[in-house]
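Hello,

Here is the structure we discussed. Please look it over first; my notes on what was found follow below.

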Amino acid sequence: MFKGTDIKPFSKKVWLASPTMHGEELKYVTEAYETNWMSTVGENINEVEKIAAKKAEVKYAVGLSACTAALHLCVKLAGERLYGKPAISHGAVEGKCVFCSDMTFGATLNPVVYEGGIPIFIDTGRDSWNMDPVALEKAFEMYPDVKLVINAELYGFPGRMDEIKRICEKHGALLIEDAAEAMGATIDGKQCGSFGDYSAISYNGNKIITGSSGGCLLTNSLEDANKTRKWSTQSRENAAWYQHEEVGYNYRMSNVIAGVIRGQYEYLEEHIDQKKKVYERYAEGLKGLPIKMNPIMEGTEPNYWLSAMIIDEEAMCKQVRGECDVAYVKEAGKTCPTEILEAISSINAEGRPIWKPMHMQPMYRMHEVVGRDGSLRCRTNAYIAGGCEDVGADIFQHGVCLPSDNKMTAEEQDTVIAVIRGCFE
Ligand SMILES: *Cc1c(COP(=O)(O)O)cnc(C)c1O
């Protein structure tokens with residue numbers, strides 16, 4: 001029972017985002033099994049690469065074990081193009097600063113660290129919840145030597161990636177687009193995943209379509225696609241024996257997993273449709289509360305992967321977060337993300353705080369983070385001067401990801417909405 005109401009917990013858990021299978025997947029997996037293409041070669045991989053490239057409006061897609069692997073090879077390709085071939089193996093961006101999304105999942109920029117680079121974080125736009133183009137311009141002003149930017153679309157609600165791309169071009173920098181959360185979303189009708197010099201998409205189990213795992217690197221360069229294929233299959237040279245001139249990786253997609261992904265692509269639009277309905281039901285059901293949902297930027301069409309909301313400051317009760325723990329003080333008429341998450345969890349549904357910004361993560365605490373007015377690491381002084389607001393920290397403090405599973409029924413969602421409303425009483 002939820003707090004003196006007659007709301008009972010769901011007998012079956014309502015997830016944040018879980019896989020949705022349809023049957024076609026099994027057909028392609030069975031084909032792989034029966035023809036014994038149970039490896040990293042086969043028809044399913046070829047088909048997934050064709051479909052992924054076509055869908056994302058790029059020339060080439062290379063099937064890999066995960067989006068993280070794709071991002072790693074994106075960084076290697078960009079590093080080679082910018083700085084030349086690193087000595088034999090790692091260090092494609094050794095000692096170089098790279099501008100990165102701040103409000104994202106760590107996998108977006110961990111590959112920069114794999115390759116010896118130094119992430120510099122770009123603050124988030126209040127209007128977009130994505131990388132702030134004004135802050136990016138400021139960062140180029142402060143660090144004119146930076147030649148690489150990695151930008152992710154948050155929760156499938158794109159910011160103006162095209163504007164970010166233009167700023168990169170102006171400064172002679174390359175753009176890696178992490179479209180892991182944004183497959184099928186568009187900006188001015190152009191697919192997410194088509195804006196980067198190199199882009200990556202994900203088929204992780206919680207994404208809009210899934211292979212259980214998997215990802216693709218997207219590019220318009222045949223040479224880069226071929227390099228990616230070679231590196232991802234242990235960098236074998238063309239010889240009768242195992243001949244190696246470069247370090248290799250075991251990053252290729254499995255033909256079995258590709259079977260699942262191949263079946264899933266037929267349902268991408270349906271999943272987007274369902275996710276859109278979830279978002280719209282929240283927007284309607286939470287109307288009148290002191291909250292804001294994910295912003296939809298003009299000219300963009302999200303894939304609505306995760307519905308999220310931030311609570312207005314006036315309606316926030318006291319909430320204090322340590323590194324791994326949190327406490328809050330309940331106040332009548334007010335609430336906070338922690339209380340809402342507890343309430344959601346008490347009815348057997350899954351929510352989550354908004355992604356904790358990278359510049360607040362212990363491992364990146366010494367790294368630069370740039371807002372509209374310059375470095376946020378000089379905050380104390382900046383406060384005195386006025387300005388220098390940390391938008392990412394603010395969205396994190398106020399934000400909640402809501403149960404957004406495409407299989408959640410309208411009735412279940414009404415219950416979630418009622419429980420959220422209860423927190424504001
Ligand atoms: C899920 C996700 C990734 C990682 O994808 P995997 O396929 O699990 O490696 C990278 N970036 C973002 C923004 C993600 O949400």
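By class, how many nonpolar, polar and charged residues does the shell around the ligand have? The shell has five nonpolar, six polar and three charged residues. Please keep in mind that this is a predicted model.

The ligand has 14 residues around it, and the nearest of these are Thr68, Asp178, Glu181, Ser202 and Lys207. For Thr68, a polar side-chain atom lies 2.5 Å from an oxygen atom of the ligand. Cys67 contributes a backbone N or O atom, which is 2.9 Å from an oxygen atom of the ligand. At Asp178, a polar side-chain atom lies 2.6 Å from a nitrogen atom of the ligand. The ligand taken alone exposes 380 Å², and the protein buries 93% of that. The largest pocket is the space taken by the ligand.

On confidence, the average pLDDT of the protein is 95, and 96% of the residues score at least 70. Residues 381-386, however, have a pLDDT below 50. Beyond near neighbours in sequence, this stretch has two contacts in the model.

Regards

Terms used
Residues are numbered from 1 along each chain as its sequence is written. This is a predicted model: local features need pLDDT of at least 70, side-chain atom pairs count only at pLDDT 80 or more; totals for chains, interfaces and linings use all residues. Side-chain values use heavy atoms; hydrogens and water are left out. A residue is near a molecule or strand if one of its heavy atoms lies within 4 Å of it. A polar contact is a pair of N or O atoms within 3.5 Å; within protein, one must be able to donate a hydrogen and the other to accept it, and residues adjacent in sequence count only if both atoms are side-chain atoms. Accessible areas come from the Shrake-Rupley method with a 1.4 Å probe; for residues, only the protein chains shown count as cover. On a 1 Å grid over the protein atoms alone, a cavity is a set of points where a 1.4 Å probe fits but cannot get out, and a pocket is an open set with protein on both sides within 12 Å along at least five of seven lines; lining residues have an atom within 4 Å of a point. A molecule sits in a cavity or pocket if more than half of its atoms lie within 2 Å of its grid points. Ala, Val, Leu, Ile, Met, Phe, Trp, Tyr, Cys and Pro count as nonpolar, Asp, Glu, Lys and Arg as charged, and the others, Gly among them, as polar. pLDDT is the predictor's confidence in each residue, from 0 to 100. Contact means heavy atoms within 4.5 Å.
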